[in-house]
Amino acid sequence: SEINLDLYYDVLLNLVMQAGKMINENISSRNKEIECKSSTTDFVTKTDKAVEKLLIDNISKQFPDHKFIAEESYSGEKILTDDPTWIIDPIDGTMNFVHSFPHSCVSIALFVNKIPEIGVIYNPTLEQLFTARRGRGAFLNGRPIRVSGKKELSEALIMMEVGGRDPEKRRVVDENQKILMPQIHGLRSLGSAALNMAMVACGAAEAYFDFALQIWDIAAGELIITEAGGVIMDPAGGELQRFSRRVLVASSKEMAENLIRNIVHFYPTSSTTY
Ligand code: LIP
């Protein structure tokens with residue numbers, strides 16, 4: 001059937017608001033029905049599952065030929081086709097959600113012909129709605145956002161996640177902190193890849209990089225960062241590989257290059273959470 005991006009966007013925004021309500025109704029609960037997934041720090045809750053079901057059930061009812069790549073029902077296939085494909089993280093920052101730490105979001109992108117057309121990241125607890133349509137700019141609660149444009153590490157607030165129990169991942173994280181701290185303004189981690197990317201997009205931070213993500217953590221952020229004038233690439237330089245689990249976003253090409261020159265790297269060898 002015919003592509004109608006305006007319609008898809010309206011349908012999505014409506015569902016995202018409903019998803020936000022579900023997150024807010026449950027984030028303060030002390031009984032979230034938590035299960036472990038790939039490791040003892042990788043969780044899913046009944047709310048992750050309920051939000052994903054809300055989104056997939058409603059979108060597929062209205063657009064039966066659309067495809068999904070969604071965290072809690074992922075087939076493991078590393079393939080993005082030309083078909084309209086919704087890439088969904090029902091709760092990015094599940095660890096935060098489990099702890100009632102108010103930095104969780106729903107993150108959704110729509111790709112058509114492998115090109116991101118719609119990106120939405122919503123933190124319902126802080127009422128921050130980041131949106132982008134290809135070619136139309138990026139917005140926070142309806143107001144246009146822009147990266148800071150800064151170029152030098154000496155003026156940068158850098159975001160990276162400091163978690164991970166795998167010894168090699170820990171070595172890389174510790175090493176990067178040691179390398180960066182003396183050169184930059186500061187280091188921050190929100191515990192959500194999507195919200196970290198959103199912070200760079202709105203100019204609140206200069207860069208974010210990570211080595212063990214999944215496509216649904218970064219799919220909406222990709223369009224939001226580029227529409228906000230930022231760059232996205234592989235953390236070793238070169239084009240973003242969407243299934244590689246690795247990402248770097250920055251306020252400018254120069255900022256990205258300065259980081260790439262400095263950081264040490266981690267290449268995940270399994271599909272688990274590190
Ligand atoms: C999480 C990320 C977090 C990252 C974790 C994990 P989830 O997503 O957003 O920043 O460090 O590896 O992927 O599991 O909460 O959707």
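Modeller: What follows describes that sheet, and then its surroundings.

This is a predicted model, in which local features need pLDDT of at least 70 and side-chain atom pairs count only at pLDDT 80 or more, while totals for chains, interfaces and linings use all residues. Residues are numbered from 1 along each chain as its sequence is written.

The domain assignment gives domain 1 (5–145) and domain 2 (153–262); such bounds come from an automatic or database domain assignment. Helices (H or I, at least four residues) and strands (E, at least two) are DSSP runs, numbered from the N terminus. Two strands pair if DSSP finds at least two bridges between them.

The sheet in question is open and has 5 strands, in the order β11-β10-β12-β14-β13, with mixed pairing. β11 (186–188) and β13 (231–233) stand at the edges with a single partner strand each, so one side of each is left without a neighbour in the sheet. From one strand to the next the twist averages 20 degrees. Angles run from 0 to 180 degrees between N-to-C directions, and axes are lines fitted to C-alpha atoms, for helices over the stretch in contact.

Now the pairings. Strand β10 (residues 157–159) pairs with strand β12 (residues 207–210) in the parallel sense, over 2 bridges. Here Met-159 stands opposite Tyr-208 in β12. Helix α5 (residues 193–201) packs on the sheet and touches β10, β12 and β14 (247–250). The direction of α5 makes about 155 degrees with that of β12. Contact between two residues means that their C-beta atoms, placed from the backbone, lie within 7 Å.

β12 and β14 run antiparallel and are joined by 4 bridges. In this pair, Phe-209 stands opposite Leu-248 in β14. β13 and β14 also run antiparallel, joined by 3 bridges, and the bridge partner of Ile-232 is Val-249 in β14.

Which way do the residues of β14 point? Val-247 and Val-249 point one way, Leu-248 and Ala-250 point the other way, and all are buried. A residue is buried if 20 or more other C-beta atoms lie within 10 Å of its own, exposed if 12 or fewer, and partly exposed in between, with C-beta atoms placed from the backbone.

Ala, Val, Leu, Ile, Met, Phe, Trp, Tyr, Cys and Pro count as nonpolar, Asp, Glu, Lys and Arg as charged, and the others, Gly among them, as polar.

The shell around the ligand draws at least three residues from each of domain 1 and domain 2. Of the 16 residues around the ligand, Asp-92, Thr-94, Glu-161, Ser-192 and Ala-193 come nearest; a residue is near a molecule or strand if its C-beta atom, placed from the backbone, lies within 6 Å of it. The shell residues divide into 3 nonpolar, 7 polar and 6 charged.
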